[in-house]
Amino acid sequence: SCCNEEQPKADSKTAESEVQNAPAVKSAKSVVVYYSQTGATKKLAQIFKSARNADEFELKLAKPYPSTYDSTIAAVRAERESKQWPALVNAKLDVAKYDTVFIVYPIMFGTFTPPIYSFLDANDLSGKVVVPFCTYGSGGRKASAAELKTLEPNANVTLAYGISNKR
C-alpha cells in the first residue's frame, strides 16, 4: 500500500530499543528531520530527539495532503509519477550546524514519503552522517536507504532502521 502511517502498532519500548541501537554519533550536534502525516512517525522522531539529545526539524507541507486515505494515495501517486515534489513551508535547514542528520519518515509506495524529496532538493547533506529511520507496513526500508545514498552520494548514509507499522 501507499501510506503506512495509521496509529503505531509498535509499542514505545520497541521504538526506544531501535533508537538505542542506532549508530552512536561523535558530535553532540544532531538534528532529527521528519515528516509525519498522522502523528505516528512524529512520535518516533520525538523518541529519537530525546534519546540523542538532538534538535528537531518537522517538515510541513505548504498544502497538506487530503484527509482521506484514498485521496492521499492519489496525490502521492501523482507526485511520484510527475516527480513534482510537494512544496514545504520550511524546506531549508541550516545543515552546517550539524554533523549528523537523522531522517525519519513513513514509507509510501516502497520508499520515503515525497516531502523527503523536497527536503533533499533544498539541502546538501554532503559530509554529513545521515541515519534513515522509517515506519513501514510491508517494506521499503532498504530501498529507501539505497535511494537516499543515490540522491546524497557525498553523505555517509548509514544502515536504515525501521519500525513496522502494519494496520
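**Aromatic pairs, cores and a pocket**

Biologist: Is phenylalanine 48 buried or exposed?
Modeller: Phenylalanine 48 is buried, because its relative accessible area is 0% and the cut-off for buried is under 20%. Please note that this is a predicted model.

Biologist: And phenylalanine 102, buried or exposed?
Modeller: Phenylalanine 102 is buried, with a relative accessible area of 0%.

Biologist: How many aromatic pairs are there in the whole structure?
Modeller: The search finds 8 aromatic pairs. In one of them, the ring centres of phenylalanine 48 and phenylalanine 102 are 4.9 Å apart and the planes meet at 45 degrees, so this pair is tilted.

Biologist: Where in the chain do those two residues sit?
Modeller: Phenylalanine 48 belongs to helix H2 (residues 40-52), while phenylalanine 102 belongs to strand E3 (residues 100-108). They are 54 residues apart, and their pair links distant parts of the chain.

Biologist: What about phenylalanine 133 and tyrosine 161?
Modeller: Those two form a stacked aromatic pair, with 6.0 Å from centre to centre and 15 degrees between the planes. This pair also links distant parts of the chain: phenylalanine 133 is in strand E5 (residues 129-136) and tyrosine 161 is in strand E7 (residues 161-164), 28 residues apart.

Biologist: Why does tyrosine 161 count as buried?
Modeller: Tyrosine 161 counts as buried because its relative accessibility is 14%, and the limit is under 20%. Phenylalanine 133 counts as buried at 0%. Phe48, Phe102, Phe133 and Tyr161 form one aromatic cluster.

Biologist: Changing topic, which residues touch the most other members of the largest nonpolar core?
Modeller: This core has 30 residues, and those touching the most other members are Val33, Leu59, Leu93, Ile103, Phe119, Leu120 and Leu125. Strand E1 (30-34), E3, helix H4 (114-122) and E5 each give two or more residues to the core. The largest share, 5 residues, comes from E3.

Biologist: What does valine 33 touch?
Modeller: Leaving aside residues up to four places away in sequence, valine 33 touches Phe57, Leu59, Leu93, Val101, Phe102, Ile103, Val104 and Phe119. There is also a second, separate core of 12 residues, which includes Phe48, Phe102, Val104 and Tyr161.

Biologist: Now the largest pocket: what is its volume?
Modeller: The largest pocket has a volume of about 180 Å³.

Biologist: Which residues lie nearest its centre?
Modeller: Of the 13 lining residues, Tyr35, Ser36, Gln37, Leu61 and Pro64 lie nearest the centre of the largest pocket. By class, the lining has 6 nonpolar, 4 polar and 3 charged residues.

Terms used: Residues are numbered from 1 along each chain as its sequence is written. This is a predicted model: local features need pLDDT of at least 70, side-chain atom pairs count only at pLDDT 80 or more; totals for chains, interfaces and linings use all residues. Side-chain values use heavy atoms; hydrogens and water are left out. On a 1 Å grid over the protein atoms alone, a cavity is a set of points where a 1.4 Å probe fits but cannot get out, and a pocket is an open set with protein on both sides within 12 Å along at least five of seven lines; lining residues have an atom within 4 Å of a point. Grid points are joined across faces, edges and corners, and a volume is the space filled by probe spheres set on the points. Ala, Val, Leu, Ile, Met, Phe, Trp, Tyr, Cys and Pro count as nonpolar, Asp, Glu, Lys and Arg as charged, and the others, Gly among them, as polar. Rings of Phe, Tyr and Trp (its six-membered ring) pair if their centres lie within 6.5 Å; planes under 30 degrees apart count as stacked, over 60 as edge-to-face and the rest as tilted. Helices (H or I, at least four residues) and strands (E, at least two) are DSSP runs, numbered from the N terminus. Buried means under 20% relative accessible area, exposed over 50%, partly exposed in between (1.4 Å probe, protein chains only). A nonpolar core is a set of buried Ala, Val, Leu, Ile, Met, Phe, Trp, Tyr and Cys residues joined through side-chain atoms within 4.5 Å. Contact means heavy atoms within 4.5 Å.
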